[in-house]
Amino acid sequence: MPIVAHNDLPTFARLREEGQQILDPDFALHQDIRELHIGLLNMMPDAALAATERQFFRLIGESNQIAQFYVHPFTLKELERGPEARAHVERYYQSFDQIRADGLDALIITGANVTGPDLALEPFWEPLIEVVDWAYDNVCSTLCSCLATHAVMQFRYGERRRRLPAKRWGVFPHRVLARTHPLVADVNTCFDVPHSRFNDISHAQFVGAGLHVLVESEEAGVHLAVSPDGFRQVFFQGHPEYDTISLLKEYKREVGRFAAGARSDYPPFPDNYFGLQTRAILDEHRECVIRALDQGRKPPELPERLIAAALHNTWHDTAEGVIGNWMGLIYQITHHDRRQTFMAGIDPNDPLGLCCG
């Protein structure tokens, strides 16, 4: 949480210049330690529904040790679900009508599986627009993850994602471009982020639509950008919420699809993820899978436990830092009543005071 500038110490001014959040004492007096209510619109398919919950709940809970977080998961009824996932949603999730009536301080929107290249033809398209439009008028800040970023960029900013020559898959180094923006001012200037996507919105597209790019990778492209006002909408193209083994799970699934004949080529390794020894183990496993298929036998199981022990997580701490900054900023400017968007004196068109600073 930010420091209060309770006197004229020059250090306070210097820290402000560096992008640190320094509160005016009069402003600080209006703040109370309280709970924050965060919505999680989970659009992931059944197999990833609970894992996505855990990833975002964990990231939220570990990001800030002062505020009390109430996370409210909900989904869209237009998304097709199997019996088990429907039962999970009916038991544990709220409806959007209830979310809308109670209000939120902030909203996270996950990615989703799609069936074709045109997002506007997906069953979630119209209901997602309804949620995003409501949130812009009634929620302090909305964080969009991966495909949600692509969807919002298309229907709100007129920028369509573009198909990549090959899947962007792995863990990639990134650098902070806007070092004084409060979302990234105090995190590492270089850090890793996992990516897993077939499509991309480029730096030029974000900037051309009036958004601000905060974090980018030479290999993977833009990871973090914000709306023209600097905060109301936050966009991720990467997956900082991923667990250490998330890409391993994806790789295992793709090997299974190859073995089942659902894909013609054996999947490549995710970039910058497996070490040399792990690659050797997986190369040997690949030979065993192909040999078993050629001989009409059942392929061996991927040695997941052996491989998982050798994996490293090089992104989670920075992800906590960024989410912690996001939560801290929401805490500072949102209204005590979660049915109201901002506390008194906050300009919705420049909520962080960045445009005129």
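This dialogue discusses how to read several features of a predicted model.

Trainee: On what conventions do the values rest?

Mentor: The model is predicted, so local features need pLDDT of at least 70 and side-chain atom pairs count only at pLDDT 80 or more, while totals for chains, interfaces and linings use all residues. Residues are numbered from 1 along each chain as its sequence is written, and side-chain values use heavy atoms, with hydrogens and water left out.

Trainee: What radius of gyration does the protein have?

Mentor: This radius is taken over C-alpha atoms, and the globule rule is 2.2 Å times the number of residues to the power 0.38. For 357 residues, a compact globule would come near 21 Å, and the 22 Å of the protein agrees.

Trainee: What share of the residues is buried?

Mentor: Buried means under 20% relative accessible area, exposed over 50%, and partly exposed in between (1.4 Å probe, protein chains only). Here, buried residues make up 51% of the 357.

Trainee: How many disulfides does the structure hold?

Mentor: A disulfide is a pair of cysteine sulfur atoms within 2.5 Å. The structure holds 0; for Cys 146, the nearest cysteine sulfur, that of Cys 144, lies 11 Å away. Cys 146 is buried, at 8% relative accessible area, whereas Cys 288 is partly exposed, at 27%.

Trainee: Which side chain of opposite charge is nearest to Glu 53?

Mentor: Lys and Arg count as positive, Asp and Glu as negative; His and the chain ends are not counted. A salt bridge places a side-chain nitrogen of Lys or Arg within 4 Å of a carboxyl oxygen of Asp or Glu. Glu 53 is buried yet has no salt bridge, with Arg 54 the nearest such side chain at 6.5 Å.
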